[in-house]
Amino acid sequence: GIEGGKRLDKLVAAVFLGILSFFDLRVSSLVYFLLFSYLPFYLLKRDFQRQTLMNIISSLALILIIPFSFHFYWIIPLALSKMAGLPSFYTEVSQVAFLSWMNLSNAIYLFHPYWPYNIFGKTNPVSWQFFIIPFLAFLNLLFKVRNKIVFYLIFISLLAILLLNGANKPFRDLYLWLFKNLPGFYMFRDPSKFYILLSLSFSLLIGFCIDAISNKIKGFKWV
């Protein structure tokens with residue numbers, strides 16, 4: 001856990017996060033977001049001793065410093081040379097509008113508009129069978145009312161649904177504001193990357209829901 005655990009486990013996790021950032025910096029950024037956004041839920045109603053808090057701080061420092069050090073080979077020369085970074089079109093708002101293929105229905109039902117044929121430019125209507133995914137995920141609100149992990153996952157799923165909408169209505173202005181003003185958010189000019197957050201949160205929520213339903217069935221008196 002973040003408050004304890006073996007140092008070797010934390011070191012291995014930090015190294016793997018650094019390796020992940022080599023393959024896709026956007027995905028590793030989403031992992032960091034999940035980690036730090038969970039902290040308020042994790043710390044809620046906990047009475048920590050000083051040593052426990054120090055363990056949490058040291059764990060967070062480790063997973064920040066080690067992955068970041070993996071990129072010194074290009075960060076330092078780039079900073080010293082004072083050269084331009086990414087091409088200008090990476091930060092153009094028009095790129096967001098062009099890559100915003102998902103609408104609100106695609107996000108809610110976890111249905112990519114190019115599925116299943118994957119023909120660029122040809123979007124497909126949402127299949128009605130996908131209704132079961134958000135239904136089971138949000139059914140947790142009836143079973144796991146006091147489970148803070150479930151509330152966190154619901155928070156992440158709602159946020160992902162909002163962001164997957166990209167430059168489309170009704171949250172167009174919010175996404176474009178984040179793209180222009182939030183440092184580093186230009187990496188997500190393609191909003192479909194937030195399917196990662198939605199897939200993860202929905203899969204865990206459905207697991208919680210199935211577990212709750214099975215417990216209800218076991219406890220039900222049939223006679």
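On a 1 Å grid over the protein atoms alone, a pocket is an open set of points where a 1.4 Å probe fits, with protein on both sides within 12 Å along at least five of seven lines. Residues with an atom within 4 Å of a point count as lining, and a volume is the space filled by probe spheres set on the points. This is a predicted model, in which local features need pLDDT of at least 70 and side-chain atom pairs count only at pLDDT 80 or more, while totals for chains, interfaces and linings use all residues. Residues are numbered from 1 along each chain as its sequence is written, and side-chain values use heavy atoms, with hydrogens and water left out.

Let us start with the largest pocket, whose volume is about 860 Å³. Its lining has 33 residues, and L25, R26, S29, G184 and M187 are the closest to its centre. Helices here are DSSP runs (H or I, at least four residues), numbered from the N terminus. At least two lining residues come from each of α2 (25-43), α3 (50-69), α4 (72-81) and α9 (148-164), and α2 gives the most, with 7 residues. Sorted by class, the lining holds 24 nonpolar, 6 polar and 3 charged residues; Ala, Val, Leu, Ile, Met, Phe, Trp, Tyr, Cys and Pro count as nonpolar, Asp, Glu, Lys and Arg as charged, and the others, Gly among them, as polar.

Now follow α2 to its helix partners. With α1 (residues 7-23), α2 packs at an angle of about 140°, the axes lying 6 Å apart. Axes are lines fitted to C-alpha atoms over the stretch in contact, and angles run from 0 to 180 degrees between N-to-C directions. In contact (heavy atoms within 4.5 Å) are L17, L20, S21 and F23 of α1 with L25, V27, S28, V31 and Y32 of α2. This contact has 7 nonpolar, 2 polar and no charged residues.

What is the angle at which α2 and α9 pack? It is about 140°, with the axes 10 Å apart, which makes α2 oblique to α9. From α2 come F33, L34, S37, Y38, F41 and Y42, and from α9 come K148, I149, F151, Y152, F155, I156 and L159. These residues divide into 11 nonpolar, 1 polar and 1 charged.

Finally, look at the loops. Between α6 (104-108) and α7 (132-138) you will find P116, and the peptide bond from W115 to P116 is cis, with omega near 5°. L110 has its place in the loop between α6 and α7, and shows a positive phi of about 55° although it is not a glycine. The loop between α9 and α10 (172-181) holds P170, where the peptide bond from K169 is cis, with omega near 10°.

Technical notes
Parallel < 35°, antiparallel > 145°, perpendicular 65-115°, else oblique.
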